[in-house]
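Subject: Structure handover

Hello,

My notes on the strands and helices follow below it.

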Amino acid sequence: MDPRAEPVLEVADLITGYGQIEVIHGISLRLLPHRLTAIVGANGAGKTTLMLALARLLPVRSGTIRLAGRDVTGAPSHAVVRAGLALVPEGRRMLATMTVAENLAVAAHASPAASAASVDAMYARFPILAERKDVTAGSLSGGEQQMLAIARALVQRPRALLLDEPSMGLSPKLVETIFAIIAAERANGTAILLVEQNARQALAIADDAHVLDRGRITLSGTGSELAARDDVVTAYLGGPAAS
Ligand code: ATP
């Protein structure tokens, strides 16, 4: 919780987009160990684009990304995975024709921090995946697929975990489970960046939070500071809470 701790991920003046289309117009942020940073914003604000650039799946036009003190701005995605960054992508991208066990093995193989013990730890944390070890990922339910997507990231024992809409399309009970897993991962010391349509829940769990509006951070504060602002409530939280 020490804000003076060395940032795990430090982004400065990041500009990125698709070909000629600039989507992120100069973003700076820091992810610290034991802290969760939430980003809220309307559809199309650029949340996924930011995540893809940080995971080095999109070219950076300018600015810098530092991971554990090392400049990884131009590094390929496999190198940032090896250096401790894991992304849970929107839409649960995974290897649909491979089994649960194979998906975890492939993910574990990509990170030197992973081991057979970290695969076993995932089965302990997600018992449903242990039960479905030999089932192909494509035939899992939506909730199980999201568990596998998160397990694939956690098995790599990341220092920085990026989660793009992890609760999308899940039942309230599963959303609760996923948020509990995210909180446990933070308690382990992982620095977390969370993008969520479910902004109320994201701000409730966040230590730090930013509003992303058309590719720019327009507001920053603690999760509770942002959740208490009328303009944020109106724009992103669907009006005042029912309580
Ligand atoms: P959502 O919540 O809808 O996923 P988002 O905040 O994640 O929204 P992005 O998906 O990052 O937003 O999209 C930001 C902008 O980039 C949008 O204007 C979108 O049309 C554009 N965009 C996204 N993907 C591409 C692409 N492959 N090529 C060109 N433009 C794209």
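Four strands form an open sheet in the order β2-β1-β4-β5, and their pairing is antiparallel. At its edges are β2 (21–31) and β5 (70–71), each of which pairs on one side only. This is a predicted model, so please read the assignments with that in mind.

Eight bridges hold the antiparallel pair of β2 and β1, the latter being residues 9–18. Within that pair, Leu-9 stands opposite Leu-31 of β2. Helix α1 (residues 47–54) lies across β1, β2 and β4 (60–67), and runs at about 115° to β1.

The other part I looked at is built around strand β7, residues 160–164. On one side, β7 runs parallel to strand β6 (residues 85–88), with four bridges joining the two; Ala-86 has Leu-161 of β7 as its bridge partner. β7 also runs parallel to strand β8 (residues 191–195), here with five bridges.

How many of the five residues of β7 are buried? Five of the five are. In a regular strand, side chains alternate between the two faces of the sheet. In β7, both faces are covered: Ala-160, Leu-162 and Asp-164 are buried on one side, and Leu-161 and Leu-163 are buried on the other.

Regards

Conventions:
Residues numbered from 1 in each chain as written. Predicted model: local features only at pLDDT ≥ 70, side-chain atom pairs only at ≥ 80, totals over all residues. Heavy atoms only, no water. Buried < 20%, exposed > 50% of the residue type's maximum accessible area, 1.4 Å probe, protein only. Pairing = 2+ DSSP bridges. Contact = heavy atoms within 4.5 Å. Axes fitted to C-alpha atoms, helices over the stretch in contact; angles between N-to-C directions.
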